[in-house]
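Me: I am new to this structure and would like to learn how to read it. Could you walk me through a few features?

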Amino acid sequence: MHVQDSHWSSASAVATGATMSAPTGNGRADGARTTPLRVDAQRNLEHVLRAAREVFGELGYGAPMEDVARRARVGVGTVYRRFPSKDVLVRRIAEEETSRLTDQARAALGQEDEPWSALSRFLRTSVASGAGRLLPPQVLRVGVAEEHAHVPQQRTQPAAGELWLVSEEPAAADPGDAGTARLLDVVGRLVERARAAGELRPDVSVSDVLLVIATAAPSLPDAAQQAAASARLLDILLEGLRSRPE
């Protein structure tokens, strides 16, 4: 896993798809242009987003914008015209990934009656999609703190030797980050149902589940090998999450 912290710019609205001003042929910025993106500009945007997901998934969010441009087969200036800083691009990709994970968790809740089946389905779907390689850093950082608000039964102190996904000087989650809150809430419900049914170890937390997603999605050069490795690792991790009869 190559998740690392990044400065999360509040300028993410620039990357939401709104048309940006671009230099005209005489060097002046056409600030009045509000027409939809041209077909070629829209295609370039899609290429950049796809390339960013691939590059960040393989190398982590620390990968340079030049790598994204090369993978998208566009000039780095094209990338910066759509995303004026790497922070903006990272936030766009992370927000999309958070939304996708939330949809997968909701689908598992709605389509599986058995609590363990719902949790394991969510984990298998998320890992198979490679979602763990793009988990937003703030989700891992605030997972424990947030889950106390959504899962009342959680302990307030770590057990000896337990891994907490919080940095030594944790930054508070952006209060406006509704997407992160929705993800933690839905995953919290999956965890709580499985725990209440006695099928999940009582010490397993929401952050543990997110860590499983991040850990069980290795980036390997061969697609078949990657899928096999992910499936095998997830089987082992799921076995570790299950409660054992006394």
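Reply: Happy to! Keep in mind that this is a predicted model. Leaving aside residues up to four places away in sequence, Phe-122 touches Leu-101, Gln-104, Ala-105, Ala-108, Val-187, Leu-190, Val-209 and Ile-213.

Me: Which residues touch the most other members of the largest nonpolar core?

Reply: In soluble globular proteins, nonpolar side chains tend to be buried together. Here the largest nonpolar core has 32 residues, and Phe-122 and Leu-123 touch the most other members. Two or more residues each come from α4 (86–111), α5, α7 (178–196), α8 and α9. The largest share, seven residues, is given by α7. Another core, of 22 residues, lies apart from this one; Leu-45, Val-55, Ala-63 and Ala-72 are among its residues.

Me: Which residues of α9 are buried?

Reply: They are Gln-226, Ser-230, Leu-234, Leu-238 and Leu-241. These residues cover an arc of only 90° around the axis, so they sit on the same side of α9. Among what covers them are α5 (115–128) and α8 (206–215).

Me: And which exposed residues does the face turned away from the buried side of α9 carry?

Reply: On that face you will find Ala-224 and Arg-232, both exposed.

Terms used: Residues are numbered from 1 along each chain as its sequence is written. This is a predicted model: local features need pLDDT of at least 70, side-chain atom pairs count only at pLDDT 80 or more; totals for chains, interfaces and linings use all residues. Side-chain values use heavy atoms; hydrogens and water are left out. Buried means under 20% relative accessible area, exposed over 50%, partly exposed in between (1.4 Å probe, protein chains only). Helices (H or I, at least four residues) and strands (E, at least two) are DSSP runs, numbered from the N terminus. The arc is that of the directions from the helix axis to the C-beta atoms. Contact means heavy atoms within 4.5 Å. A nonpolar core is a set of buried Ala, Val, Leu, Ile, Met, Phe, Trp, Tyr and Cys residues joined through side-chain atoms within 4.5 Å.
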